[in-house]
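Open the model in your viewer and keep the selection panel at hand. The stops below go from whole chains down to single residues.

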Amino acid sequence: MKLSNIRLALPTAILAIFFSATGRAEDAGTDVSKQSLQSKIEYCKTCHGVSGQGFHGATPIPRLAGQPTEYIENQLRAFIEHRRDNRYMYTVSHVLSPAMRTALAKHFSDLNPKPLGGASKELVAAGKKLYNEGIPDAQVPPCATCHGPEAKGNGEFPRLAGQLNDYILNKLVNWNKERGQDPANPDISAIMQPIAHNLTKPQIEAIAAYLNYLE
Amino acid sequence: MQSVKTQMMKFVIAKTAVVALIASVLPALAEDMEPASVRNCTWCHGASAQGYAPAPRLAGQRSQYTENQLLSFIKHTRDNPFSKQYMWGATANLSPNTMHYLAIYFSQELPKAANDGDKDLAASGKTLFEDGNPEANTVSCAVCHGPNAEGVRDIPRLAGLSYYYLKRKLTQWGEGYHVAAKAPMPGIAGKLSSNEIEALASYLSFVK
């Protein structure tokens, strides 16, 4: 895919997401009791960290704090619909009502703990440059184009600021195995597919180190 | 006054005794190159550190976990009755270097599964270990302890630990022991029912 094509595809994708999100807001409802929401939040935080800042389990468990609500809701649906492959998160999400998913997304979106940190600080400067400028020769657009100049995310585009660096690495090198797993039901993950493919591991590690410390 | 002959006899007997003593000790020393610090552990944890009675298996345990536990005995934050009775004293004089050495030493011993749980409960224990119970907000154990309960970094290996040890440890969290342990275990274990604990401990005792 050429860079110009990606640039054209992005506004289209954003528009599509905007319209689908407004359609869903109506059927979400508000039938979640305060107590059941609180228990579910504690359940999520057992693995995702007490402030949603992420946690290192057997594999890196991502930061949810500050994610756009649309991103969290779309990922929960993606687990349920097998668009995104993860057995643990399928088990977790398939019992959640739409109203509960909306309420959880709102809760985590409003949190703002300090990043967990831990990445190599030596890579931060190189990562920042890659994040803001992309790699034109490799047809990699600037990450900031979709994820925002401060990496705060936008709609179904995730926030990356403060994300666990080894989580970012795991996701990008396994993109094809985990995302967009239902060919009949393509989703926003298709945008990232060629980009993830064209990035080298050292480039991903540098970008991930920059994002790891970004507040 | 002793005769010269008697004195000679005494000398010979003494010398023979010393030689005999050295001869009896030397092969033992040659066979057993383990330092005294390792032997002090294996008295209770078993000669190959597979665990014995109340003492859990140390063989194959993650070294960072073992080292953290040794520290927690010294700081008295691991405070269940057996810890107080045995481990607080046993670790009191360990230097940081010795703790580090012991943790690595035991992590390299091959673990054997205890196989002492209830076989009929293993299947339900496996489901609980892998998937938790999402309706009841019980998390999956495998997310942190690994799909085969192998552990990682300071998260302990649970595979093949003794049923009795696992059951006791999980129950003690619910009784308020060991609350200083890093989140999230006190909160998770405290909510498990005794049936769930029996099932988990049974399943894990068979995992290789």
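**Before you start**

This is a predicted model, in which local features need pLDDT of at least 70, side-chain atom pairs count only at pLDDT 80 or more, and totals for chains, interfaces and linings use all residues. Residues are numbered from 1 along each chain as its sequence is written, and chains are lettered from A and ligands numbered from 1 in the order in which they are written.

**Stop 1: colour by confidence**

Colour by pLDDT, the predictor's confidence in each residue, from 0 to 100. Chain A averages 90, and 86% of its residues score at least 70. Select residues 14-28 of chain A: here the pLDDT is below 50, yet the stretch has 12 contacts in the model beyond near neighbours in sequence. Two residues are in contact if their C-beta atoms, placed from the backbone, lie within 7 Å.

Chain B averages 86, with 83% of residues at 70 or above. Where pLDDT is low, the predicted coordinates should not be read in detail. For the model, ipTM is 0.80 and pTM is 0.82.

**Stop 2: chain A as a cartoon**

Along the sequence the pattern is α-α-β-β-α-α-α-α-α-α-α-α-α.

Of the 215 residues in chain A, 39% are buried. A residue is buried with 20 or more other C-beta atoms within 10 Å of its own, exposed with 12 or fewer, and partly exposed in between; C-beta atoms are placed from the backbone. Among contacts in chain A between residues at least 6 apart in sequence, 74% join residues at least 24 apart.

**Stop 3: helix α8 of chain A**

Select residues 165-173 of chain A, helix α8. Which of its residues are buried? They are Asn165(A), Tyr167(A) and Ile168(A). These three lie on the same side of α8(A), because they cover an arc of only 160° around the axis. The arc is that of the directions from the helix axis to the C-beta atoms.

**Stop 4: Gln181(A)**

Centre on Gln181(A), in the loop between α9 (175-178) and α10 (189-198) of chain A. Is it buried, partly exposed or exposed? Gln181(A) is partly exposed, because 16 other C-beta atoms lie within 10 Å. Not counting residues up to four places away in sequence, it touches His82(A), Arg83(A), Arg84(A) and Asp85(A). Draw a distance from Gln181(A) to Asp85(A): the C-alpha atoms are 6.9 Å apart, across 96 residues of chain.

**Stop 5: chain B and its domains**

Switch to chain B, which has 10 helices and 0 strands. Buried residues make up 32% of its 208 residues. Colour domain 1 (36-107) and domain 2 (119-206) separately. Those bounds come from an automatic or database domain assignment. The C-alpha centres of the two domains of chain B lie 21 Å apart.

Next, show the contacts between them. 13 residues of domain 1 of chain B are in contact with 14 residues of domain 2 of chain B. By class, the domain 1 side has 2 nonpolar, 7 polar and 4 charged residues. Ala, Val, Leu, Ile, Met, Phe, Trp, Tyr, Cys and Pro count as nonpolar, Asp, Glu, Lys and Arg as charged, and the others, Gly among them, as polar.

**Stop 6: where the chains meet**

Bring both chains back. 13 residues of chain A are in contact with 15 residues of chain B. On the chain A side, α2 and α4 give two or more residues each. α2(A) gives the most, with 5 residues. That side has 8 nonpolar, 4 polar and 1 charged residues.

**Stop 7: the nonpolar cores**

A nonpolar core is a set of buried Ala, Val, Leu, Ile, Met, Phe, Trp, Tyr and Cys residues joined through C-beta atoms within 7 Å. The largest has 33 residues; among those with the most contacts inside it are Phe129(B), Leu166(B) and Leu200(B). Helices α2 (34-48) and α4 (87-93) of chain A, with α6 (122-131), α7 (142-145), α8 (163-174) and α10 (194-206) of chain B, each supply at least two of its residues. The largest share, 6 residues, comes from α10(B).

Apart from this core lies another, of 21 residues, including Leu123(A) and Leu211(A).

Conventions
Helices (H or I, at least four residues) and strands (E, at least two) are DSSP runs, numbered from the N terminus.
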